[in-house]
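Please examine the sequence and the model shown below before reading on. The explanation that comes after is meant to be read alongside them.

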Amino acid sequence: MVTPIQVTVQELNLPLLVPMLIAIAGGLGILVIDLLKSNLDKSLYVMLSMIVLFADMLAVAGLTPNRGFFDLMLVDGVSIVSQMLIIVASMLFIPLALTSKRFHEFSYPEFFALFLFMVAGFQFMVSTDNLILIFVGIETASLALYTLIAMHNRSNSFEAALKYFTMGALAAGFYAMGSAVVYAVTGSIELWQVKEALSISSGADSTIIAVTGGAVLLLVAFAFKLSLFPFHTWAPDVYEGASAPLAGYMSIVPKVAAFAVALRIFNIYIDLGVESVRIIILVLAVVTMTLANIMALVQEDVKRMLAYSSISHAGFVMAALALGTTKGNAGVFIYYALFMFTNLGAFTMLWISRHKKLMYSGRYDHPYEKFAGLIKIMPIGAVVMALFMLSLAGVPPFSVFWGKLFIMSAAVDAGYIKLAIIMGLNSGIAAYYYLKLIVYMFLKEPVFNVDTIYYNISKPLMVIIGIAVVATVTSVFFFDVLLTYIYTMISASGF
Amino acid sequence: MENLVYIALFAPLVSSLFAGLFAMSPRKTFVGVVSSLLLFISFISSAVLGYHIATTGANVHVTMMDWISVADLHIPFGFIADHVSVTMMVVVSLVSTIVHIYSIGYMDHDKSFNRFFSYLSAFVFSMLVLVMSDNFAGLFIGWEGVGVCSWLLIGFWYHKPDVSREENPSISPSWAANEAFIMNRIADLGMLVGLFIIFWSTGSLQYDVVFSQIPNLAPAVLTAAAMALFIGAMGKSAQFPLHTWLTDAMEGPTPVSALIHAATMVTAGVFLVIRANPIFSVTPEVSYFIAALGTFVAFFAASMALVNRDLKRIIAFSTLSQLGYMFAAAGLGAYWIALFHLAAHAFFKALLFLGAGNVMHAMHGELDIFKMGGLKKQMRWTYAYMGLASLALAGIPPLAGFFSKDAIIETAFNEGTLILWAMLVITAGMTAFYSFRQVFLTFLGDERYKEFGIHPHEMYGFVLIAMSPLAILAVIAGFFRDWFNSFIIHLLPNYEMSENTHHLALILGAIVLVVAVSGIILAYKKYAKGLKRSEKTENGLIYKLLINQYYIPKIYEALITKPYAEISKLMWTKVDMRIVDATVDGIAKFIYKSGDGSRKMQTGNLSNYLNWMAGGALALLFIAVASSVIG
Amino acid sequence: MIGLNHYLIVAGLLFAIGLIGVIRRRNLLMLFFATEIMLNAANVAFAAISHYYNDLSGQMFAFFIIAIAASEVAIGLGLLILIYKKQGTLDLDDLASMKG
């Protein structure tokens with residue numbers, strides 16, 4: 001018989017829950033305020049969300065690595081680092097609602113409430129090693145995200161949300177089945193127990209098949225989240241359909257969260273020497289970064305190009321995860337910490353130049369032609385955008401370069417010289433399409449009327465871009481601090 | 001004390017950024033004033049640091065941050081104020097402060113006034129990084145920084161068009177800037193190789209770590225490192241055969257020439273040799289080569305200065321010549337004498353250049369000394385300053401140049417390298433001659449400028465006052481030689497003359513003095529009464545050779561620039577267009593094609609996406625099962 | 001006697017049926033049904049394994065899956081209604097404005 005569980009309040013360790021509770025309470029608070037007095041200005045909700053996120057960040061900063069809440073919660077270095085990344089990216093995202101033109105979704109307080117619920121979902125997802133709670137976190141965050149995408153209120157957004165949703169539902173099916181297989185093999189859904197059970201399991205063929213089968217089912221679910229080939233097909237369409245800031249957000253936060261969980265799950269297999277899992281991950285990573293790169297090359301729209309480039313970056317980082325070394329695992333988070341500012345900055349630049357109507361082409365908001373001769377129309381804007389492109393292309397001394405350098409050196413250290421060469425070649429291909437935009441901006445004559453560009457700019461947006469620029473340019477100076485922090489955090493969590 | 005290091009270092013940066021804020025706006029005098037004040041603060045901090053080090057003998061070492069520390073690569077980024085660097089700091093910040101104040105007057109009609117101050121302060125910052133860094137990496141960063149600032153400042157009047165070499169030997173400011181930059185890049189490559197050798201063999205770039213490892217290193221490695229480092233020094237200090245850029249660099253505004261191309265940046269090469277003296281002192285062959293090359297350059301540059309007609313170019317040649325002296329001293333092991341001459345030279349050469357700037361300002365940009373003469377009446381103060389500086393340069397006691405240059409020549413005698421000694425003595429005579437030829441042609445004799453309708457006028461009073469510290473130092477700096485010796489030997493090896501030389505010191509000094517004085521007298525006889533040109537000399541072989549700078553710029557053009565252009569053209573039309581382009585195009589086309597092909601999987605149809613996903617999952621499952629069954 | 005294996009086979013079959021449905025169906029509503037079937041396949045498996053190990057966590061997982069499936073349906077139907085209003089059809093092949 002099952003014995004009743006007896007725990008004291010101390011063992012519950014409720015402070016571990018505080019960050020998520022702050023976000024959830026904030027979301028509920030926004031809904032309540034809306035009930036009491038409707039039609040308040042969006043800037044109020046932006047400020048409230050910022051305050052909530054700030055409190056959330058403080059709470060995360062105050063966490064000490066521990067377990068708690070019926071052992072469901074696991075707050076370790078990975079969890080704290082990824083929560084920090086999630087919250088910082090969210091704080092960079094929220095002010096983007098304060099555009100000079102009104103956009104549909106930001107006039108709803110529900111948008112902000114859902115956003116905060118989503119943040120809480122991501123936080124749950126990275127702060128546990130229980131497969132149930134991971135699932136709940138993923139779904140909370142994803143369901144909120146689908147809705148946020150659809151709130152952009154265009155037929156493309158609906159289509160994007162629907163595609164994302166349907167494929168997400170399929171991925172959820174794979175996740176549930178994968179968890180069931182893992183449970184069947186090991187008798188547990190706690191990852192640390194899974195690891196113990198797997199390390200003493202028999203080497204019988206059927207067991208190995210079940211072990212790898214379960215791993216592959218889970219891998220499919222996470223490959224979908226991380227947009228790895230061939231599960232990436234949603235990403236370009238969803239990025240195109242979503243608003244630019246949300247697309248930028250999607251290229252960072254869900255991936256950081258998914259990487260944190262993927263690290264917890266697949267590190268078990270890599271540590272135990274299940275080589276087939278490692279090889280599958282490596283092959284997926286290499287195919288993803290290469291294929292996305294060459295597809296980005298032929299895009300006509302900058303946002304869609306950035307979507308493919310984000311896929312390619314995800315593939316790049318996934319390869320670091322497959323190394324199984326501490327340096328590789330730390331590289332995942334370092335890369336995203338550096339990539340975050342540049343990529344969000346680039347998407348924000350698109351957001352600045354966004355019109356309510358499609359006016360450049362039948363389908364795209366940001367075709368390359370729109371940016372032709374930008375240096376003559378808005379010199380600072382062109383320079384800033386060029387800066388982001390150079391950084392994304394991995395040109396030193398900008399931020400992404402350091403991430404690429406670190407991951408490639410991790411690959412070399414782990415003995416994967418060929419992988420490092422492939423990574424280098426891919427960066428070369430990638431440089432081509434980033435430079436294409438620079439060529440358009442600096443060397444071509446303007447195609448469109450001068451005063452139709454930079455339509456949507458406002459002070460808060462400029463501040464966000466300023467932060468992104470500073471972080472991108474001065475990464476030389478803080479890179480080492482960041483590296484030391486993340487490295488110690490990750491290695492202290494045993495990865 | 002740590003704070004003073006930071007203040008001394010970062011005040012110029014603040015100044016540069018501040019002036020940069022106004023780069024696009026019209027001329028504002030307060031920008032110059034604020035910049036000068038910040039530079040003065042930097043000077044005061046340096047001076048206090050110098051006093052601190054002189055009295056306590058303790059270095060001030062700060063580690064600003066750990067720049068990169070990953071696994072076994074550890075590059076801390078720190079600054080040190082020790083005896084050598086504090087000397088350089090004081091010299092650099094003092095001369096820069098004066099040049100900043102001077103520029104307020106000199107650049108007063110230039111519309112890019114604010115931009116000029118931004119560049120100038122940025123240069124000072126880079127130079128301070130160069131001298132204060134406690135490791136080779138920081139030195140290299142500063143080294144590149146001063147290179148960039150020098151490029152910006154030589155090409156400051158980039159809008160001037162290119163003209164032929166006959167009209168203007170340096171073609172145009174932008175051409176000169178590019179030439180300087182490219183020549184320096186060639187040399188920097190050598191420097192980088194040197195740094196790699198050092199890092200590779202010692203595992204560090206920190207001065208103290210590297211120097212403590214020297215006894216464990218093979219002589220071949222040390223020789224290679226010393227040679228590579230010296231190639232870098234040759235570029236920055238414009239030593240033969242990389243010397244042509246320095247005279248062309250005179251295209252920049254005169255305060256730039258005074259600060260960068262006379263007093264500070266060009267001495268960076270000497271500084272490097274002094275800094276890395278533990279390496280050079282264990283590689284006697286390289287050191288001897290440095291001394292020989294320095295002597296040769298001293299002689300060679302002085303000979304070209306004898307006949308040149310361009311006021312600034314004469315001074316530039318004399319700078320080259322004096323740099324040769326410094327290298328001669330450093331190569332012979334007299335590092336402290338080299339550093340002493342470096343400092344003394346910075347004072348009187350900056351003074352000379354700023355005086356030339358006054359003349360240029362008065363003559364509305366005219367630089368040909370054959371078109372001047374008799375300016376003494378209008379420009380009494382400038383005459384006094386330039387006369388003083390020339391006396392110091394010529395090595396007349398008791399001015400600064402006498403003490404420092406005499407010590408170098410004495411060193412050459414003491415080492416038994418009599419050929420070097422003789423060449424240096426002759427060079428001293430030539431130095432005296434060309435300096436005074438220039439002074440006399442400019443300030444004495446008939447007023448030739450009247451033909452050209454120029455009305456010269458004296459420089460602003462505040463500018464003249466600002467120049468006075470340099471004049472004072474040009475006079476008195478020499479008296480500090482013994483004090484400086486006792487100060488600097490805390491860090492640099494002492495160098496003392498042998499007993500024999502000591503006995504002969506007076507005679508040796510007298511020889512140099514006689515040669516120098518006769519040079520001055522010769523110049524006085526020939527030029528003080530007016531300009532008498534003789535067809536015969538000017539058509540003579542030697543004159544032609546000298547006035548054309550031994551045809552070296554033309555040789556470079558014929559042997560390097562033109563063939564390079566030809567080869568490039570050939571490579572472009574034949575190799576690049578046909579082979580490389582075709583290959584690159586082919587690869588690009590292939591990638592594009594595959595992009596177009598793989599794009600087709602993105603049908604936009606959700607059903608297809610779901611099929612991809614399901615298919616992918618099944619394929620992965622199959623692979624996983626198959627591999628675990630097989631493996 | 002019906003053992004664990006029988007349940008697992010049923011679960012596997014259900015999962016396969018769901019997957020085939022996802023691949024084959026062109027109607028959005030049917031697609032949603034198919035994904036629900038897949039989730040329920042996992043539920044069957046969890047319940048059976050939980051009983052086999054005499055461990056409650058599997059059943060807990062099943063309950064959570066049920067809850068999540070319900071909320072998924074809520075969101076999915078919302079989206080479906082939006083699409084239907086806009087497009088007037090639920091056929092997947094009419095829903096491909098973004099491609100390439």
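The paragraphs below proceed from individual chains to their contacts, then to the nonpolar cores and some details of the backbone.

The model is a predicted one, in which local features need pLDDT of at least 70 and side-chain atom pairs count only at pLDDT 80 or more, while totals for chains, interfaces and linings use all residues. Residues are numbered from 1 along each chain as its sequence is written, and chains are lettered from A and ligands numbered from 1 in the order in which they are written.

Chain B contains 25 helices and 2 strands. Here helices (H or I, at least four residues) and strands (E, at least two) are DSSP runs, numbered from the N terminus. Of the 631 residues in chain B, 51% are buried. A residue is called buried if 20 or more other C-beta atoms lie within 10 Å of its own, exposed if 12 or fewer, and partly exposed in between, with C-beta atoms placed from the backbone. Among contacts in chain B between residues at least 6 apart in sequence, 81% join residues at least 24 apart. Two residues are in contact if their C-beta atoms, placed from the backbone, lie within 7 Å.

Chain C has 3 helices and 0 strands, and its elements run α-α-α from the N terminus on. Buried residues account for 37% of the 100 residues in chain C. For contacts in chain C between residues at least 6 apart in sequence, 46% join residues at least 24 apart.

After H14(B) comes Gly333(B), whose phi is positive, near 95°.

The discussion now turns to how the chains meet. The contact between chain B and chain A takes 31 residues from chain B and 31 residues from chain A. On the side of chain B that touches chain A, strand S1 (60-70), helix H24 (552-599) and helix H25 (606-630) of chain B each supply at least two residues. The largest share of that side, 15 residues, comes from H25(B). By class, the side of chain B that touches chain A divides into 18 nonpolar, 10 polar and 3 charged residues. In this classification Ala, Val, Leu, Ile, Met, Phe, Trp, Tyr, Cys and Pro count as nonpolar, Asp, Glu, Lys and Arg as charged, and the others, Gly among them, as polar.

Chain A also meets chain C, with 32 residues of chain A in contact with 34 residues of chain C. Helix H6 (131-150), helix H7 (155-186) and helix H10 (234-241) of chain A are the elements that give two or more residues to the side of chain A that touches chain C. H7(A) provides the largest share of this side, 18 residues. The side of chain A that touches chain C has 20 nonpolar, 8 polar and 4 charged residues.

A nonpolar core is a set of buried Ala, Val, Leu, Ile, Met, Phe, Trp, Tyr and Cys residues joined through C-beta atoms within 7 Å. The largest such core has 253 residues, and those with the most contacts inside it are Ile149(A), Val220(A), Val317(A), Met318(A), Leu321(A) and Tyr336(A). H7(A) gives the most to this core, with 21 residues. Leaving aside neighbours within four places in sequence, Val220(A) is in contact with Ala171(A), Phe174(A), Phe231(A), Ala617(B) and Leu620(B). Another core, of 203 residues, lies apart from the largest one and has Leu94(B), Val99(B), Phe353(B) and Val439(B) among its members.

Some backbone details remain. In chain A, the loop between helix H9 (205-225) and H10 holds Pro230(A), which is joined to Phe229(A) by a cis peptide bond with omega of about -5°. Ser227(A) is placed in the loop between H9 and H10 of chain A as well; although not a glycine, Ser227(A) has a positive phi of about 55°. Is Ser227(A) buried or exposed? Ser227(A) is buried, with 30 other C-beta atoms within 10 Å. Asn39(A), likewise not a glycine, has a positive phi of about 60°, and lies in the loop between helix H2 (18-36) and helix H3 (42-61) of chain A. Asn39(A) is exposed, with 7 other C-beta atoms within 10 Å. In chain B, the peptide bond from Phe240(B) to Pro241(B) is cis, with omega near 0°, and Pro241(B) is found in the loop between helix H8 (219-236) and helix H9 (244-248).
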